[in-house]
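Morning, everyone. Please have a look at it first.

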Amino acid sequence: MTKILVKGGGEMPLENKLKDFRKEKGLNQEDLGVLVGVSRQTISLIERGDYNPSIIVCLKLAKVLGRKVEEIFTYVEEDF
Amino acid sequence: MKNKKFWLSLIALSVLGLAIGILVSTFSLDKLVFDFLKNIGELLSKNIFLIFVGSILAIDLAIYILFRVGKKDLEKSYKNEDSIEDDKKLSISIAINSASILVAMVLFFTYVVDMEKTISNLLESIAVLILFVGHFFFFSYMQKLQVELLKVYNPSKYDQVLDMKFHQKFMDSLDERELFESYRAGFWAYRSMMITIFGLILVLGIFSMGMGSSLGAVYALGLTGLVGTLVYLLEAIRKK
């Protein structure tokens with residue numbers, strides 16, 4: 001599975017598996033956007049890690065993809 | 001560290017102010033600047049017809065070309081399923097289209113302010129009026145094309161530009177990311193405008209004191225700044 005680091009607010013690192021789960025479901029970005037209520041561009045930016053969605057969008061994504069939010073977005077502790 | 005930066009900035013600005021004050025009093029810089037601006041104004045007034053026609057045609061051409069090129073870029077970027085929309089040129093076209101109304105109005109009023117010249121050059125005046133009104137139609141037409149194009153790639157966007165509540169309904173049709181970007185852009189635009197208004201009030205106020213000219217522009221700018229601040233405050237304290 002592809003793991004992409006997401007730019008969080010401040011120093012918060014996230015792992016994002018949205019693209020993998022979306023392809024598993026056979027959906028393109030536009031279809032997923034329509035189902036979740038956001039634009040194709042927004043889905044693309046989430047997958048690239050350039051936008052952190054709100055909790056509502058996260059929950060909608062989880063529902064549509066049949067996954068838990070924590071499976072799609074994972075908080076990664078940084079090792080110091 | 002922050003305090004040090006603040007005090008250093010304050011000292012630097014004070015030194016700059018002192019230097020400007022010395023220059024102004026030694027070389028009558030205020031009079032030189034005023035004369036320079038007056039000469040620019042006279043040059044503008046003398047060639048206003050050519051400037052008006054040239055500017056409007058150049059702006060309209062730029063809007064149209066950027067729209068066509070922007071449309072191609074958008075279509076190209078949509079060919080790859082997972083790519084980011086390339087809407088930079090289209091966005092620039094939209095921005096220039098919006099700003100063009102202000103430019104057209106400023107140039108139009110610069111032309112008609114000299115009523116004697118306006119009446120004596122009737123054909124020229126009619127041409128200016130036709131171009132001015134024509135530009136408003138062009139603006140509406142381009143706005144319609146731009147919104148229609150956006151709707152092709154974003155079907156959920158509101159596109160009835162002639163609706164009196166277009167801007168409100170368009171904002172309501174944006175998703176959370178687009179709203180965030182709009183508000184961020186709006187905040188920085190507000191901040192830049194307030195700094196510009198402050199600077200202009202300061203400069204025009206000082207010139208008015210020195211040259212004894214009217215304070216009309218200062219009052220207009222002050223009112224604009226107050227309206228902006230009031231709207232910002234009302235939005236900030238609004239719960240929903």
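Predicted model: local features only at pLDDT ≥ 70, side-chain atom pairs only at ≥ 80, totals over all residues.

Start with the largest pocket. Its volume is about 2,000 Å³, and 47 residues line it. Which residues lie nearest its centre? They are Met171(B), Leu174(B), Ser182(B), Tyr183(B) and Gly186(B).

Now the elements around the largest pocket. Five helices of chain B each give two or more residues to the lining: H4 (88-112), H6 (122-153), H7 (166-172), H8 (176-211) and H9 (216-237). The largest share comes from H8(B), with 14 residues. By residue type, the lining of the largest pocket has 23 nonpolar, 14 polar and ten charged residues.

On to the second largest pocket, with a volume of about 330 Å³. Which helices supply at least two residues each to its lining? In chain B, these are helix H1 (2-27), helix H2 (29-46) and H8. H8(B) gives the most here, with six residues.

You can find the lining residues of the second largest pocket on the screen. The lining divides into nine nonpolar residues, one polar and one charged.

To recap, H8(B) gives the largest share of the lining of the largest pocket, and H8(B) also gives the most to the lining of the second largest pocket. That is what I have for today.

How values were computed
Residues numbered from 1 in each chain as written. Chains lettered and ligands numbered in written order. Heavy atoms only, no water. 1 Å grid on protein atoms, 1.4 Å probe; cavity = no way out; pocket = protein on both sides within 12 Å on 5 of 7 lines; lining within 4 Å. Points joined across faces, edges and corners; volume = space filled by probe spheres on them. Helix = DSSP H or I, 4+ residues; strand = E, 2+ residues; numbered from the N terminus. Nonpolar A, V, L, I, M, F, W, Y, C, P; charged D, E, K, R; others polar.
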